[in-house]
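Q: Please take a close look at one part of this structure. Keep it brisk.

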Amino acid sequence: MSVIAPDFKLSSFIKSLLDNIFWILLLLVLIGIPLVFMVLFVIPLPVIDGELLTPFLALSWIADPSRTLPIIQAFLETDIFRVMAFPGFGFAALLAAGTIFAERKMMAKIQLRVGPFYCGKFEGILQLMGDGLKLISKEIIIPAKADKPIFWAAPVMFVAAAAAFVALIPVAPGWVVADVDLGLLAVFAVIGFFPIITILSAWSANSKYPFIGGIRALFQMVSFEIPLILSLLGVVILTGSLNLSEIAASQSNFPWIIFLPVGAIVFFITMLAELERIPFDLPEAESEIVAGWLTELSGMMYGLVQLGSYLKLYAFAGLFVVLFLGGWNGPMVVPSLPLELIENGIEMGPITLKISGLAPLLSEVITQEMLNGTLWFVLKTVGVIFFIILPRGVFPRIRVDMLLDLGWSKLIGLAFVNIFIALGLLYAGVLGPGGLQ
Amino acid sequence: MGTATGIIRALNSGIKHLATKRFTLRYPEEKLKFVGDGYQFDPSTGVGIAGLKGRHLLFHDKCTGCQLCSIACEGVAEAIGMVKVPEEHKHNKKAIMPQIDYGKCVFCGLCVDACPFYALYMTNDYELSSFSKEGLIYTPAQLQVKPYVAQDSEIIITDRGATHG
Amino acid sequence: MNEIMPGLALQKVDERIMTLNVGPQHPGSGHMRLIVQIDGDYIVACDPDPGYVHRGEEKMAEYRNYILNIPHLERPVIHDSCNVLYPYVLGVEEILGIEVPERAKYVRVIASELNRCIYIMYWLAIYGIFLGHSTMFMWPAGDRELLIDLMEKMTGARVTHAFFVPGGVRNDLPANFEDVCLRYVNYFEKRIKEYSAVFYDNPILIARTKDTGVLSRQDAIRLGTTGSVLRASGVDYDLRKKEPYDVYDELDVHTNVMKEGDSYARSKIPWLDMLESCNIIRQALQKMPKSGSVRVKLKPNPKGKGLTSVYKRVESGRGSLGCYVVSDGKPEPYRLKLSVPSFRNLIALPYLLKGEKLGNMPSVYWSLNYWPVEADR
C-alpha cells in the first residue's frame, strides 16, 4: 500500500458528500420513475382472491402478512419473473459469475498457485465484484476511424443473442422462458448469429489486430457449426421431437449418452470451439495478435462481451445436459413437503400455527418435483462446466490449419457415424416410439 | 488411438494436480528463512561464509576508513562513497566511513571481500524500498543498525507436493 | 557513381508479399525483432534483427581488472550466470597460473549444473507461453524456485550469483547443504517427469511441432549450430564429454541425441538434459571431498606474464560458450571476446523458416534455444 492519504479538508468532505447525494438521487429518479410507470401501465396486474392488485393494495400487505404469499405466488407465475430471475437472466448470470470464479480458482489449483485471494474474507470470493466495479469505472475508448453505431451496438447484440440462447433451455418441468415447439431449431438459429456479431464487431473497429482475430473467429465458428448440428440429429431421430422440454422428459429412464456416445463427444468438441475456449482460442489470446477481436473494446463493453461469453457457456452446458445427460431427471432426493400439515396448521396447545398462503404456493409453484429437477439440472450442469474448464489447464493452442482439418473432415465424419448408429437403433426397434421407452 | 490415450492422459494429469498442494509463498504474511546471518568474509583465510547478500552492516568499532570497499566498488557500480562522520575513534583518524547508495548497488558483495578489518558484512534484510531516491542512500549511522527480520518460512516437501510453510 | 549499400537500395515490392514486423514490443518475440515476409500463410523470407540489448560488455571489460569483471560479465544471462563466467574463469586461471583445489571444482560443477537446469526451466516456460499453454508456464516457473532456493543458500543471491572467481569459488557451502540439495533435486526430478503427460505426450503439441522446422544433420554441422539444436539433429557432441574441464572426466555423463531434427526434438532434448543434470549433481555430491579449501588466495591486482591469449569453451544451457582472453601483463585484460551459442544458433533461423507456415513461427523460433540478451552481449 503505497498511497499516502491526503489531509482532511472540510470543504472537500462536504463536496464529496453532496456529490454522492446528487448521484444517488439522480439514479433513483432515472430508475425509479420508469419502474413505477412500468408497474402501473405495462405489467398486467394480477387478480388475487377476486380483487385487482393495485400498488396501494400491495402496500397494505405490510399490515396483513397472510396476503403476501398469494402475491408472491402470482408474481412467480408471471413471464417477467421467468425472463429476469429464475430460468432466465438472473439464474444464468449467477451461474456464469460462479463459473468465472471457479475457473480462476481451478486453473490456479492445477497450476499449483493460489488465484484470487485478496478480495473478500474467504479466499477472494468478491473478486468478481471488484472486477465488475473496475470495468464500470474505466473510460470507454472508441477508435477514431471506427464505425461508431455498429461498434457501440456489437457487445449489446452479443449479450442479447446469448440471453436469447439462455431463454430456450428448460431447467425444470414447466420452467422454461420460451417453450417453443421447434426449440432445437431455434437454438441453431441463435447460434448462427454469433459469427455475424463477431465479424461485425471486429470489422467496425477498423484496426489490424481485430481484423485478423475476427476473420479467425469467423473461420472457427462457421466450420464447427455443421458438425454441431449433425451431432444433435441423432437425438432428434431417437426422440422424434424438436421441443427441448419433451427431449428432456423422454429421458426419464435413461440418458441418451448411453446410446449415442460418439455424438456426445462430437458435440463436446464443437461446443469448445464455438465458445472459443482452449484448445480452440485462436481468435482471442494468441501470442501473435494481441487480443484478437476484443482488442479495441475497453471498459464496460469488454465486460458485456465477457458476460455474454459466459452466458453462452452456461447455455451450451445446459443444452448438453438437456440433450444427452437427462435434463432434470434424477432420483428424488428432495423430501416430500408435508402439505397436509401446512394446510391444516400445526397444533401447539391452544394455538394453531398456520401460514395461510403457503400451501397453494408449495403445491402449485415450488413443488417437490420442481426443486428436485432444478437440483439435478444444476448438478449436471456444474459437472459439464468442470469438464469444459479442465482442458484449459492441460492443452496448448491448436493451429489454424489443424482446426480447419478437424472441423471440416474428421468431425463431420464422426457425426455421420453417429447418425447411422441412431438410425440403426431406431429401425432395429430397440429405441424410439416402438421399443424401449 | 494414440491421440485419444494422449488426451485422456493429459486430462488425468490435470485432475491429479487438483489434489496437489499449492506452492505459493504468501508474502508478506510469510517470509523466507535464509541460512545464517548474511554474507560475511574472512580475510585471514580468504574465503567467504555463505549467506544472503542483503543490506550491509557496518561495524563502527572496526572500520578504519581505508577506502578499500569504495575502491572495489568503483569498478562495479560506484555505489560506495566515503563521508565524514562526527564520531572520534582511535583506529579511524580520518573519521570517514562508507555510505552506500542502494539505488546503484548490485549486491555483488565484492566490497565485503575487499574489507581487511572484519568491518563490513551483509545481512538478511532485503526490504529496502523508499519513497524517494535520497531515501535510498544509507549513511554510516543507518548502516550500523542491525536489521530486525521475522523470517521463518521454508520449502516443505510432502507426499502431496511441496509447499512454503 | 558510388555503389548503393544493399540496405538502402530500392526494392521491387511484390503485391502478394506482406512484411510483418514481429518486433520487440510484441508478446511473441522476446527482446528482438524479426522481419518476416509472408505470402498468405507461408513465410517467404525472414530477417532477424538482434541488437536491442547490446551494451558493449566486451569493451567495458577492458577497463576492469580480473576480479571486478566478475559481476560485470555474468550479466548476459542472469540466471545462468555461473556458466557464462565459467570459460572466463578457466581462462584467467590459466593466464595467472593458478591450480584450483579439488573441492572447489566439485562445487563449481554442482553450481553449473543447477544453473543449467534453472535456465532450461525458464526457457521451457516461455516455450509453453508461445504455444498458448499457460500451465506449461506456471509449472516450470514454480518448480524452478526449488533450484533458485538452492542457489540462494549456496551463493547468497537468486540470480547474478557472482560466485565463480579465478582461484575457485567465493564462499564455502553452508552446513547441511548436501542433504537439502539431495532432497530438493530428487523432488525436482519427480516434478519434471510429470511434464511428459501434459506437454511432451500431448497430441496437440505433437501435431503442432512434429516435422516442422526440420534441420538435417549436414545442415546443422554446416551452419555451425551448437548445443541442444545440434544434438536434436543427430550429432553426438557435448563438450562435457569431448573436452572435459574441471572434474567432468571423473563423472559419468550421458549425452542425449535425437535423430529427427524437428521442433519437437529440439524441445525435448533440453528436458532430457535436465534429467541428466540431476544424475550429475547426485554423483558430484557423493564424490565431493568433505573438507578442503574452496579458494586460492590471490595477491592484490593479479597480472599475467607478458602477452598471452587463451580460449576456453564450456557447455552451457544453450550450447558451447567460449571466452577468448588476451592479456598483456596488466591487471586488466587487453581484449575479451565472448563467443555465445545463441548468436550462432540464430544463423539457422532464416534458413529454417523459409516455406514454413506462419503459425509455426513461434515454435520454430524459440525451439532454437535462443536467449536474446546473450546474443547481443
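Is A:Arg277 buried or exposed, and why does it count that way? Please cover its surroundings too.

A: This is a predicted model. A:Arg277 counts as buried, because its relative accessibility is 9% and the cut-off for buried is under 20%.

Start with its place in the chain. A:Arg277 sits in the loop that runs between H12 and helix H13 (300-325) of chain A. Leaving aside residues up to four places away in sequence, A:Arg277 touches A:Glu103, A:Leu272, A:Tyr310, A:Leu313, A:Ile388 and A:Arg392.

Now take helix H12. H12 of chain A spans residues 261-274 and packs against helix H18 of chain A, residues 400-427. The angle is about 150°, and the axes are 8 Å apart. The crossing of H12(A) and H18(A) is left-handed. From H12(A), the contact uses A:Val262, A:Gly263, A:Val266, A:Ile269 and A:Thr270. H18(A) answers with A:Leu411, A:Leu414, A:Ala415, A:Asn418 and A:Ile421. Sorted by class, this contact holds seven nonpolar residues, three polar ones and no charged ones.

Chain A also meets chain C. A:Asp401 and C:Lys357 join their side chains in a salt bridge, at 3.4 Å from N to O. The rule finds one salt bridge across the interface of chain C and chain A. That interface draws 24 residues from chain C and 20 residues from chain A. The two chains bury about 2000 Å² between them, with 57% of it on carbon and sulfur atoms. On the chain C side, C:Met138, C:Ile204 and C:Arg208 lose the most area to chain A, together 25% of what that side buries.

Notes: Residues are numbered from 1 along each chain as its sequence is written. Chains are lettered from A and ligands numbered from 1 in the order in which they are written. This is a predicted model: local features need pLDDT of at least 70, side-chain atom pairs count only at pLDDT 80 or more; totals for chains, interfaces and linings use all residues. Side-chain values use heavy atoms; hydrogens and water are left out. Axes are lines fitted to C-alpha atoms, for helices over the stretch in contact, and angles run from 0 to 180 degrees between N-to-C directions. Helices (H or I, at least four residues) and strands (E, at least two) are DSSP runs, numbered from the N terminus. A crossing is left-handed if the near helix is turned anticlockwise from the far one by less than a right angle, and right-handed if clockwise. Contact means heavy atoms within 4.5 Å. Ala, Val, Leu, Ile, Met, Phe, Trp, Tyr, Cys and Pro count as nonpolar, Asp, Glu, Lys and Arg as charged, and the others, Gly among them, as polar. Buried means under 20% relative accessible area, exposed over 50%, partly exposed in between (1.4 Å probe, protein chains only). Buried area is the accessible area (1.4 Å probe) that two parts lose on being put together, summed over both. A salt bridge is a side-chain nitrogen of Lys or Arg within 4 Å of a carboxyl oxygen of Asp or Glu.
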